[in-house]
Amino acid sequence: MKSSHQEQIDRILEKLSQVRAQGLSCFGSDQHHFELNPPIQELLLLEFENEYRVRLPDEFRAFLLYAGNGGAGPYYGIAPLPIIRSKILDWPFEEPFEKVLDLPCPLYFRMKQASDWESEFGETDPYQGTMYIGTQGCSYYMLLIVTGEFRGRVVYVNDDDGSTPFITHEPDFLTWYERWLDELLAGQVSDWFGRSRGGTEAELRALLENPETSAADKADAIRAFWRFPDNSAETLELIPTFLSETDPDIRASACWMIRHFKLRGAEEAVAEQLSDPSPEVRQAVILTLMSFDPARWSEKVFSCLQDDNLDVTEIAFRTLQDAKQFSRSDLLDLVLVPPNESILLHALDGIEWKSEDQELLLRLLEYQNEKVRYDATLGLRDIRAWEAIETVIAVLEHETDSLVRGSILQMLGELDSVASRETLLAWMVKGDEVERMHAYEGLNKLGDERAMPLFQQLKQEKEHATQNDNTPDESVFQNRHWWWPWK
């Protein structure tokens, strides 16, 4: 029986043939070579649907039945049904695997990018009602929504960094798939296919010029121009005019495209947006200006380190650092009078410490944030602060963070003195397992023979405790402390 989607499938098969005939390539095509597997038998498809109590979206069913059971497709291609099934079995759902597909998918189009995006769904698994259909490489892959309001849409997810899922613009699988072929045949940039809105340059410009177009659609249209390697002068002249739009997403999108196309004539207009009320726009402005001429704009961007939005200060610091616009005195000033704790930590990481900084580093050892204290110990070790040994030992006695204590013990093993040796000997007895090993290694470096009897005692204690099941399994020590010599 012919599918109601047969006409579209016939177009797709013809376009695949054209892509092969023209010798085109894209990311992942060396894996699938633009070839589809044979179509699946309907009986096997029905068995799958019965097993998981769900009917797959019609467009995807038609693809499997009349185009191919996986094979050619965006990125590394479309997975065949047996692979899809194996991924469902591997999926770490709270519910048994046979129940996950028919639960309503809560994901929706244009979800706000946020690090805590999953909290919006409470106890509901955000990926229920979705199934794997292919990989984009590494931890990136594609899902198909099979239940809920956005049933039929393709979703891009990253299983590693916890970023917000991206639901593609196309309403169904076949439209998404055919768009991929259209863009290949039109010579558009295919990197990260589907991350922006589809359409030709003329269609996108018409959207922007239409007063009825929503702000969200305008922002999407602006960001989509990056796909065209040879935008017309008309389009390039149009992009900067959106810097004055009332919607911040449109202004930010204009900044991104000005940066992408290196529209230097728009630099001054972009710079005026450094005081934009939207932090997203300010971030885009900083990145755009610094991509043009760091020397020219670094002073203005430097002032953004005082921004009240942490993301803006992070972007400002990173771009200034990447452009090598920080002097040592600049970084020291940021440590002495930090705009916020995040910038303080970045500045500490970037400073090349010198002996004259010893007093500052000792003050930082009393800082509330343990990462600051830890960085201070690294600085003292870098400058080999012999004169600070007594002060550092005093700090060690009341230090609460294990990493800071460990770094101080390592410092004592690098700077020989009577006080260093006596302190290390004491910590071989009173420290925890990591601290005792730092103390032992330090004494070994200093050539102190008193370390070995204590080491043998520690070894015996551990062996005795292990035999009596009073300590964690040996694998715990191996995983946490690979350098334990008796493992």
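Reader: Which residues in α16 meet α18?
Author: This is a predicted model. In α16, the residues are L344, L345, L348 and D349, and they meet K371, V372 and D375 in α18. By class, that contact has 4 nonpolar, no polar and 3 charged residues.

Reader: At what angle do the axes of α16 and α18 cross?
Author: Roughly 15 degrees, and the axes come within 10 Å. Helix α16 covers residues 341–350, and helix α18 covers residues 370–382. Angles under 35 degrees count as roughly parallel, so α16 is roughly parallel to α18.

Reader: Is the crossing of α16 and α18 left-handed or right-handed?
Author: The crossing of α16 and α18 is left-handed.

Reader: Moving to α6. At what angle does α1 pack on α6?
Author: About 30 degrees, with the axes of α1 (residues 6–21) and α6 10 Å apart. That angle makes α1 roughly parallel to α6. The crossing of α1 past α6 is left-handed.

Reader: Which residues in α1 and α6 meet?
Author: From α1 there are Q8, I9, R11, I12, K15, L16, Q18 and V19. From α6 there are L174, T175, Y177, E178, W180, L181, D182 and L185. Sorted by class, the contact of α1 with α6 has 9 nonpolar, 3 polar and 4 charged residues.

Reader: And α4 with α6, what is the angle there?
Author: Helix α4 (residues 58–67) packs against helix α6 (residues 173–185) at an angle of about 60 degrees, and their axes are 7 Å apart. This makes α4 oblique to α6. The contact is made by E59, F60 and F63 on the α4 side, with F173, L174 and Y177 on the α6 side. Its residues divide into 5 nonpolar, no polar and 1 charged.

Reader: How many of the lining residues are nonpolar, and how many are charged?
Author: The lining of the largest pocket has 16 nonpolar and 12 charged residues, plus 9 polar ones.

Reader: Which residues line the second largest cavity?
Author: C26, F27, P74, Y75, W180, S190, W192 and F193 line it. By class, 7 of the lining residues are nonpolar, 1 is polar and none is charged. W180 is also one of the α6 residues that α1 meets.

Reader: What does P279 touch?
Author: Leaving out residues up to four places away in sequence, P279 touches N309 and V312.

Reader: And how far is P279 from T130?
Author: Their C-alpha atoms are separated by 33 Å, and the two residues are 149 residues apart along the chain.

Methods: Residues numbered from 1 in each chain as written. Predicted model: local features only at pLDDT ≥ 70, side-chain atom pairs only at ≥ 80, totals over all residues. Heavy atoms only, no water. Axes fitted to C-alpha atoms, helices over the stretch in contact; angles between N-to-C directions. Helix = DSSP H or I, 4+ residues; strand = E, 2+ residues; numbered from the N terminus. Parallel < 35°, antiparallel > 145°, perpendicular 65-115°, else oblique. Left-handed = near helix turned anticlockwise from the far one by under 90°. Contact = heavy atoms within 4.5 Å. Nonpolar A, V, L, I, M, F, W, Y, C, P; charged D, E, K, R; others polar. 1 Å grid on protein atoms, 1.4 Å probe; cavity = no way out; pocket = protein on both sides within 12 Å on 5 of 7 lines; lining within 4 Å.
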